[in-house]
Amino acid sequence: MSGEDRYVILESAGASLILDCAVGERARILYWGARLSRPDPKQIETMLTRQHAPGGPDVEIASSLLNETGSAIAGMSGFSAHRNGQDWASRFRVTDLRRMDKQGIEIVCEDPNTKVRATHVIILDVAYDVMTCQTQIENFGDQPLAVDWCAAICLPLDPRATRLIGFTGRWADEFQLEEISPFTGSYVRENKSGRTSHESFPGLLAAADESHEQGGLCFGFHLGWSGNHRVRVDHLNDGRSFVQLGELFFPGEMMLAPGQIYQTPDLYAAISSSGFSALSRSFHSHLRQSLMADRIARKPRPIHYNTWEAVYFDHDPGALFELAEKAASVGAERFILDDGWFGSRRDDTAGLGDWWPSEQIYPDGLAPLIEHVTGLGMEFGLWFEPEMVNPDSDLYRQHPDWVLHAPGVDPVPFRSQLVLDLTREEVCDYLFERMDKLLSAHEISYIKWDMNRDVHHPGSGGRPAGHAQTRALYGLIDRLRAAHPDLEIESCSSGGGRADYGILQRTDRIWTSDSNDALDRQKIQRGASHFFPLAVMGAHVGPARCHITGRRLSMRLRVATALFGHMGMELDLLKESEKDLATLKAGIALHKKYRPLIHDGDFHRVETPAHVNAVGVVAKDLSEALFSWCNLTGHRGTLPGRFFVPGLDPDRAYRTKIIWPDPALSVSRPSVLEALELSGEGAVLQGETLMTVGLQVPLLHPESCLIYRFEAA
Ligand code: GLA
């Protein structure tokens, strides 16, 4: 390949990627950004020529797809490996280029000295601008190769993207965005919890200073991997910046025998020239169309009733029968029996691993309850935590050697449970057989797949095996799904501790957070929405007094919050007042009415004052929209501000109404409600005016939420 052939251009609706990949030379990205209408790689290359920096090397140190150690580029290498202290300075050169189709390219690079082959696969989603990047490392030497780090790719960051926003959080407060103060040097987040973690979701946003939800240049990065990871940005002193995401290994974990290949997880990276919400829509569409195939579209997402916060471990079939009836009467479509149904599991200290119905609680097995639930017209779902075992269990007594551990190191106590070694075939066979037996015997169409502890010492046979454990987990889920193709699965890990595009390729929903506190949820769901669409985000109406925060919140607010997600409930319906049950029932009916819009529409986060969270969905044909406006706290001004509704058709008029709560709230009268009849027939308002003049919001109490509906007149 020579001359112009050295350049590869991938283009999507809004993005261009231009690579320089001459055979025999180092592959590098010349441009990744907004779509260029007349891309001229040669010209771009000339324009990017860098001058000599005094006090620096005599030659330009170009970047490459991995900025590998041998390249000598400053900042952390995207690939570092060695053979017992030798062969540590790989420097890759292109040996082959394989066009996959117009969307993708495979770039094969090699270093004949260190005998390592790096094959990069880059695919650009033509419709949604999301790029998927992966690298495969092959050891073609005759000695084992220790891979210490390999990013999925090193992506150069547009110098205008000076704002960096990372993700942080904790249990029951996941997906919190964190603006990073400007720096030179590095930003690093590392997670070695054996799941995506509550603290360090594997995602990152970068944006120009002026970018906001509805406009401006921004970039998003997400690693589709359910285990340990590193997120890293290096700002070099020479003005270049690189983003790397990849799998984090324990010491000596990734040893490649001669001929063996390591494949990185996929990195999903997208660019938007129209703000953060548009960036999220790209990620949502890519996930839905390319990674979850028809699994979202297949059927409406049923309203859940989950037993956890209603009964915890106190399973009484009589009460569960009654709860099922109550749940069906308010509109539930799926009943999920949570933790506590199996073995000796009467609290969280025993029974994990013994996956058969407790003979003490369910003497006739689960069939009577399942039949009762399905007889009420609901689907039945069941909770499992397959990877875990309590030392106080029959399984552990029989197979104490089946757990992950580091030789000579005591396990860190964590919810009285240990982690099974899924890399052992017999362990997965046991779990598959137990689960398959129940799924085959009963009408169980859904499982909640939980994972409730960090994996501190993922050792198997004396060696670290975090990577192998995550791959084995994927294998086990895939095997179960192959045997039960219609089975739906929720990925839960003490709430949102395992949420990513890797797990979502084999599951259907994430349990966004253990916190059902509607105020916390407003923020958690907003954070998660940067990468996850509403249809996969589990959102439940919890009890009046939140069990985790102790806060009391109205049913109206709890309903309005759960409505913008995959809605469900998780409270003791037998203890709720008739008034609250009626509100709940009305809210569920509202969700069902607008479910296609909520789950298939285009998602928007609204720019608001700090005391407000506002999000919404607009139909693809712009014919209708639903938005929620939530006053999280009070505000300093005497009156609230205006609601600038995004995403409408400026040329159409919309009948504008407040449909929740009914009647709409306003603290003072007369208010905008009367002026515009917003709680009655509604007002017909021009799309352009709604978008650019904004609609005065009624004066609200703190902790209250309105839902607006816009219908093209
Ligand atoms: C985790 C989950 C909860 C519940 C409990 C059961 O914490 O996140 O929703 O299932 O486990 O033990």
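A residue is called buried when its relative accessible area is under 20%, exposed when over 50%, and partly exposed in between. The model discussed here is predicted.

Q: How many of the residues of helix 10 are buried?
A: Helix 10 spans residues 555-563 and is mostly covered. Its buried residues include Met555, Leu557, Val559 and Leu563, and the charged residue Arg558 is also on the list. The count of buried residues in helix 10 is 8 of 9.

Q: Is asparagine 67 buried or exposed?
A: Asparagine 67 belongs to the loop between helix 1 (41-47) and strand 4 (79-82). Its phi is positive, about 40°, although the residue is not a glycine. Most residues other than glycine have a negative phi. Because its relative accessibility is 2%, asparagine 67 counts as buried.

Q: What is the relative accessibility of glutamate 677?
A: Glutamate 677 also has a positive phi, near 55°, and is not a glycine. The residue is found in the loop between helix 12 and strand 37 (683-686). Glutamate 677 counts as partly exposed, since its relative accessibility is 46%.

Q: What is omega for the peptide bond from aspartate 662 to proline 663?
A: Proline 663 is located in the loop between strand 36 and helix 12. The peptide bond that joins aspartate 662 to proline 663 is cis. Its omega is near 0°.

Q: How are the rings of phenylalanine 79 and phenylalanine 92 arranged?
A: The structure holds 32 aromatic pairs. In the pair of phenylalanine 79 and phenylalanine 92, the ring centres are 5.4 Å apart and the planes meet at 50°, so the arrangement is tilted. This pair links distant parts of the chain, 13 residues apart, with phenylalanine 79 in strand 4 and phenylalanine 92 in the loop between strand 4 and strand 5 (93-101). The arrangement of the two rings is tilted.

Q: What is the relative accessible area of phenylalanine 92?
A: Phenylalanine 79 is buried, at a relative accessible area of 2%. Phenylalanine 92 is buried as well, and its relative accessible area is 3%.

Q: How far apart in sequence are the parts tied together by tyrosine 305 and phenylalanine 335?
A: The ring centres of tyrosine 305 and phenylalanine 335 are 5.7 Å apart with planes at 25°, so the pair is stacked. Because tyrosine 305 lies in strand 20 (residues 304-306) and phenylalanine 335 in strand 21 (residues 334-337), the parts that the pair ties together are 30 residues apart in sequence.

Q: Which ring does the charged end of arginine 117 sit over?
A: Two arginines are placed over aromatic rings. Arginine 230 lies over the face of tryptophan 149, at 4.5 Å from the ring centre. The charged end of arginine 117 is 4.6 Å from the centre of the ring it sits over, that of phenylalanine 140.

Q: What distance separates the C-alpha atoms of leucine 36 and alanine 15?
A: Leucine 36 is found in the loop between strand 3 (28-34) and helix 1. With a relative accessibility of 24%, leucine 36 counts as partly exposed. Leucine 36 and alanine 15 are 21 residues apart along the chain, and their C-alpha atoms are separated by 7.5 Å.

Q: How many charged residues does the shell around the ligand have?
A: Of the 13 residues around the ligand, those that come nearest are Asp338, Asp339, Lys448, Asp450 and Asp514. By class, the shell has 4 nonpolar and 3 polar residues, and its charged residues number 6.

How values were computed: Residues are numbered from 1 along each chain as its sequence is written. This is a predicted model: local features need pLDDT of at least 70, side-chain atom pairs count only at pLDDT 80 or more; totals for chains, interfaces and linings use all residues. Side-chain values use heavy atoms; hydrogens and water are left out. A residue is near a molecule or strand if one of its heavy atoms lies within 4 Å of it. Helices (H or I, at least four residues) and strands (E, at least two) are DSSP runs, numbered from the N terminus. Buried means under 20% relative accessible area, exposed over 50%, partly exposed in between (1.4 Å probe, protein chains only). Rings of Phe, Tyr and Trp (its six-membered ring) pair if their centres lie within 6.5 Å; planes under 30 degrees apart count as stacked, over 60 as edge-to-face and the rest as tilted. A charge sits over a ring if NZ of Lys or CZ of Arg is within 6 Å of the ring centre and within 35 degrees of the ring normal.
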